[in-house]
Each structure stands twice: as C-alpha cells, then as structure tokens.
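Subject: Structure for your review

Hello,

Here is the structure you will be working with. My notes follow it.

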Amino acid sequence: MKHSQFKHWILDEGILKPEERKVLKEHLAGCKDCRQLKAGWEASQKMLFKPVLAAPAPGFADRW
C-alpha cells in the first residue's frame, strides 16, 4: 500500500474534503505507521504553536 497520499493529508495544513477525511480515517485504523506520524505531527504542532512561557528565575529583577 502506498502511504504518500496519506502522509500528505496528515502533514498538510489544508482542509480535507469529507470523502478524503473518511478515507484517511479508515486508513489510520489499520496503519500503525501513519497513526504514529499523525500523533507525532500533532504533538509537534502543540509544541510549536502553544509554547510554554518561561518565568524569570527568582531574584532576576533584583540582580538586573
């Protein structure tokens, strides 16, 4: 089975047509590699677009 179209759909930021979403969902149900790719991509997006804001170290203002 060729996975290039499914990988493209997983990584593409465009909106899938309803039929494409259905085909992708069916493929993901049986393909561990593509499920892992999707999970990894979603985790990466969370880290990229929702960064954790770091607070300054205690006493920073006093040392500045």
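F6 is found in helix α1; helices (H or I, at least four residues) are DSSP runs, numbered from the N terminus. The model is predicted: local features need pLDDT of at least 70 and side-chain atom pairs count only at pLDDT 80 or more, while totals for chains, interfaces and linings use all residues. Residues are numbered from 1 along each chain as its sequence is written, and side-chain values use heavy atoms, with hydrogens and water left out.

F6 counts as buried because its relative accessibility is 12% (buried means under 20% relative accessible area, exposed over 50%, partly exposed in between, with a 1.4 Å probe and protein chains only). W9 and I10 are buried in α1 along with F6. These three lie on the same side of α1 because they cover an arc of only 100° around the axis, taken from the directions from the helix axis to the C-beta atoms. The cover over the buried residues of α1 includes α2 and α3, where contact means heavy atoms within 4.5 Å.

Two distances may be of use. From F6 to L53, 47 residues along the chain, the C-alpha separation is 34 Å. I10 and E42 are 32 residues apart in sequence, with 9.2 Å between their C-alpha atoms. E42 is in helix α3 and, at 36% relative accessibility, counts as partly exposed.

The largest pocket

A pocket is an open set of points on a 1 Å grid over the protein atoms alone, where a 1.4 Å probe fits, with protein on both sides within 12 Å along at least five of seven lines; lining residues have an atom within 4 Å of a point. The largest pocket has a volume of about 190 Å³. Its lining has 14 residues, with W9, I10, L16, L24 and K38 nearest the centre. At least two lining residues come from each of α1 (4–11), α2 (18–30) and α3 (32–49).

Confidence

The average pLDDT (the predictor's confidence in each residue, from 0 to 100) is 90, and 98% of the residues score at least 70.

Regards

Key:
Points joined across faces, edges and corners; volume = space filled by probe spheres on them.
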